[in-house]
Amino acid sequence: MSDLLAELRRLDKAHFWHPFTQMQEWVASEEDPLIIASGRGATLTDLEGRTYFDGNSSIWTNVHGHCHPAIVAAVREQLGRLDHCSALGFSNEPAIRLAARLVELFPPHTLTKVFFTDNGSTAIECACRMAAQYRQLAGESHRTHFIAFDQAYHGDTVGAASLGGVSLFRAHEAAAGYPVIRLADADQLADLSAETIASCNALIIEPLIQGAAGMRTWPPGMLRRLRQWCDQHDVFLILDEVMTGFGRTGKMFACEHEDVIPDFLCLAKGLTGGVLPLAATLTTDRVYEAFLGTSAEAKTFFYGHSYCGNPLACTAALASLQVFEDERVIAGLPLKIEALRSSLAIRARETPSWGEFRQVGLIAGIDLIADTGAGPLDPDLLTGARICRRVRAHGLLTRPVRDTLVLMPPLCAEPEEIIAAVDALQKASIWP
Ligand SMILES: *Cc1c(COP(=O)(O)O)cnc(C)c1O
């Protein structure tokens, strides 16, 4: 083992506290943290020169592959000109152009305003704060509640986490956050009393598919039903497209599948092509205009972050959108989606440890089942994690959601690479 690798592993274990990671297991003496040194296209290379297919797009962020030359060139050029300047009191060209470009992706006069933040959680936080302040400004301060779904995941800041439906992620916080009405599905809207509905501010959902829940899909038509229900009861619709945005579902945005325009659209992960942290909350003239007035009226949206509209990140996002156009990325997806669909169907039949599997576009989740029958696995066995560990030997990197294996290749992946990734997962999926 090289001195460099040994040194980095030692320093990592000594000082780097990793997200969503049991550090006692991470620092165990037999563990060797995998250190990624470089990336090209859908391939990541570790410090020892081993290559891997980036099977979950580096936690659902990467779109056009790593170090795409057009994005690298654009960011490099911008870095020579301006690294950062504040959006509080100033503006910059990449942020201005990106805001306009994002609005152009939607029909005219629908989503017209763009608020930049840094990550998915703050994109959600921003939408909720806007919705909450809107109700106060509109004289509807009784509309305090947010409708959210079981198993939902909307991020880790306190407000965003309070909307989440995965209890494990909320176990340690007090009752802080938004008041939430939690539903299992759209049918349960019918059970809400008129009084409850009148207390609702907004409904939030991950459209088509819930990511952190284990790639749980929603029934077709649900999104449109939600839009109608929200219109009928003057409840805002917040779409969390942090995972589903930017081609992942086969269209640019998941809401396009059902011709739905939300009141708030939250974008992050793939916004910069997965190159730099950046998020955007898009909203309507109706929301924006409620905040207008003189400073003395205190209607200002009192919210923001130091790096709002960072020129480098906005440049990466603009370059990524240009790659979508230049390489006709969306038009190339059906072939890849079909490769994923057919190889999953074939391999699932041959793999006794695979139960139900679900796919939306280039997002797939495969439930692992016990060898005693169709029953679920004992979660304490960490089977999903062990299989994803084992699959590295077959040149694939991915991370499960509990005992659901996840495949979410970058959109640039070739059909052969996708098929090879499914094959690798299958080879690693023997029962432990
Ligand atoms: C990842 C994710 C978030 C949170 O985004 P971060 O950038 O990790 O804060 C929110 N919602 C969904 C659907 C996500 O997948």
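Visitor: Are Phe236 and Phe264 buried or exposed?

Guide: This is a predicted model. Buried means under 20% relative accessible area. By that cut-off, Phe236 and Phe264 are both buried.

Visitor: Which residue forms an aromatic pair with Phe236 at 5.0 Å centre to centre?

Guide: The count of aromatic pairs comes to 10. In one of them, the planes stand at 75°, and the pair is edge-to-face. The partner of Phe236 there is Tyr134.

Visitor: How many residues apart in sequence are the parts that Tyr134 and Phe236 tie together?

Guide: Tyr134 belongs to helix α6 (residues 120-137). Phe236 belongs to strand β10 (residues 236-240). The pair therefore links parts whose separation in sequence is 102 residues.

Visitor: Is the pair of Phe236 and Phe264 stacked or edge-to-face?

Guide: The ring centres of Phe236 and Phe264 are 5.3 Å apart. Planes over 60 degrees apart count as edge-to-face. The planes here are at 80°, so the pair is edge-to-face.

Visitor: Which side chain has an N or O atom 2.7 Å from a nitrogen atom of the ligand?

Guide: The residues around the ligand include Trp60, Tyr153, Glu206 and Asp240. For the nitrogen atom of the ligand, the side chain at 2.7 Å is that of Asp240.

Visitor: How much of the ligand does the protein bury?

Guide: A polar side-chain atom of Ser121 lies 2.6 Å from a ligand oxygen atom. A backbone N or O atom of Gly120 lies 2.8 Å from an oxygen atom of the ligand. Taken alone, the ligand exposes 380 Å². Of that, the protein buries 84%.

Definitions and conventions:
Residues numbered from 1 in each chain as written. Predicted model: local features only at pLDDT ≥ 70, side-chain atom pairs only at ≥ 80, totals over all residues. Heavy atoms only, no water. Near = heavy atom within 4 Å. Polar contact = N/O pair within 3.5 Å; in protein donor to acceptor, adjacent residues only side chain to side chain. Areas by Shrake-Rupley, 256 points an atom, 1.4 Å probe, with all protein chains shown as cover. Phe/Tyr/Trp six-rings, centres within 6.5 Å; stacked < 30°, edge-to-face > 60°. Helix = DSSP H or I, 4+ residues; strand = E, 2+ residues; numbered from the N terminus. Buried < 20%, exposed > 50% of the residue type's maximum accessible area, 1.4 Å probe, protein only.
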